[in-house]
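Q: Let us read this structure feature by feature. Please give the general idea, then the case at hand.

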Amino acid sequence: MLRVADHFEKTDTGRQRRANEDSLFARSPVFVVADGMGGAQAGEVASRIAVEAFEPGLPAGGSGEERLAAVARLANQRIHDLATDDAARTGMGTTLTAALVDAGGVSLAHVGDSRAYRLRDGGLERLTNDHSLVGELVRRGKLTEAEAEEHPQKSVITRALGVEAGVEVDTITVPARAGDVFLLCSDGLTSMIGDDLVGEILHTSKTLSEAGHRLVDEANAHGGRDNITVVIFRLEDLPEGETALPPPVEPPADQVTMLGAAAPNTADVNAALRSRERDASAAAQATPAAAQASARHQPRRPRRRGGAPEASRPRRRIRGLRPLLGVLAVVVVIGVAGWMVSRAVFFVGADQAGFVTVYRGLPYEGPFGAKLYESYYISGVPAADLPVARRSKLLDHQLRGHSDASDLVRKIELDQLDAR
Ligand code: MG
């Protein structure tokens, strides 16, 4: 049984665009990248509608491919309806590459030239075909991959969500196993760096976060001509007996609930207790004197300073460790809870280059200057462009939810701030 062990996602405006028309969605086990197109910032609207279609969850029933494709068609309809009703948004559309991890592997639904890759044993494999002019020419043997890289019309796509009333969605389910790393990305990455470098970065990075940052940095270093979005996730086997209590430390029940961990069922608890009884019995047999004392239910001998009976020392030592283990458990639980909270909160500020940025985490630095936040979305809007009277209020690092922070920055990008 597989599950998503870790994921990382990042979108960046790049070096040359003023706004970011890419959108992403990452809520395990569903991951989505969309790259919008259309004048007057309609591309942002289109890609946003596409990823928001995944917010309520996938429809029940059907295969992974069918469920993803159903959402893709729903998004197509919504974008097309809006484009038809609003002259300013005529012709808007978006690419879509969506992935679902389930028991059958990783299902993909795909329209346009965003891509999905799988890294396995150090080798990178592209899982999607670009629905682009050059992509079609490469598949027909009229262009080589190298020629396609340099083609002046390489950004022309032949299929997108929202452009027509109906859309053909490519779907595929690829086998997956523990250790596989999947990457979804917009063409702002793959038009700047080749598959070899993408594979090398994924393979040599120690964490997904490191890989994601390096990919975006490399795309920018190679020109950053387009918005860059990466969504990366790694798979692992579901550990057997994961829900059993980890002896000997048990976090309080309310903290288990807070962390969203599955509560152990009665059978697991009983099994853990039986296991502990067996351990205690084995330990007693290993110290015959203690076993005999226990069997006779002898009262504990008076303890003399510095002269405790030999047989009681190991047990006292274990008892002495209990408070320490308890404190350690609380520290671990608080640390994990703090980390999870920091992943769920966002704030808006300006990055070092002066661009309005959404940060994920808490706006503080920890010991040794360790930042408790990371840049999540860098807009193309210089903070200096904000109205002076409102600048400090907009960039006040107030903690926000994901949609709240994203909405604020999108309004800033679209120059749609309320006149307050
Ligand atoms: Mg693009």
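Q: Is Asp35 buried or exposed?
A: Buried means under 20% relative accessible area, exposed over 50%, and partly exposed in between (1.4 Å probe, protein chains only). Asp35 has a relative accessible area of 10%, so Asp35 is buried. Asp226 is also buried, with a relative accessible area of 10%. This is a predicted model: local features need pLDDT of at least 70, side-chain atom pairs count only at pLDDT 80 or more, and totals for chains, interfaces and linings use all residues. Residues are numbered from 1 along each chain as its sequence is written, and side-chain values use heavy atoms, with hydrogens and water left out.

Q: Which protein donors does the magnesium ion have?
A: Donors are N, O and S atoms within 2.8 Å of the metal (3.2 Å for Na, K and Ca); water is not among the atoms, so sites may look incomplete. Here they are Asp35 (OD), Asp187 (OD) and Asp226 (OD), 2.1 to 2.2 Å from the ion. Their spacing along the chain is D-x151-D-x38-D.

Q: Where do Asp35 and Asp226 lie?
A: Helices (H or I, at least four residues) and strands (E, at least two) are DSSP runs, numbered from the N terminus. Asp35 is in strand β3 (residues 30-37), and Asp226 is in the loop between α7 (208-221) and β11 (228-237), so the pair ties together parts 191 residues apart in sequence.

Q: Where is Trp339, and why does Trp339 count as exposed?
A: Trp339 sits in helix α11 (residues 313-344). Trp339 counts as exposed because its relative accessibility is 53%.
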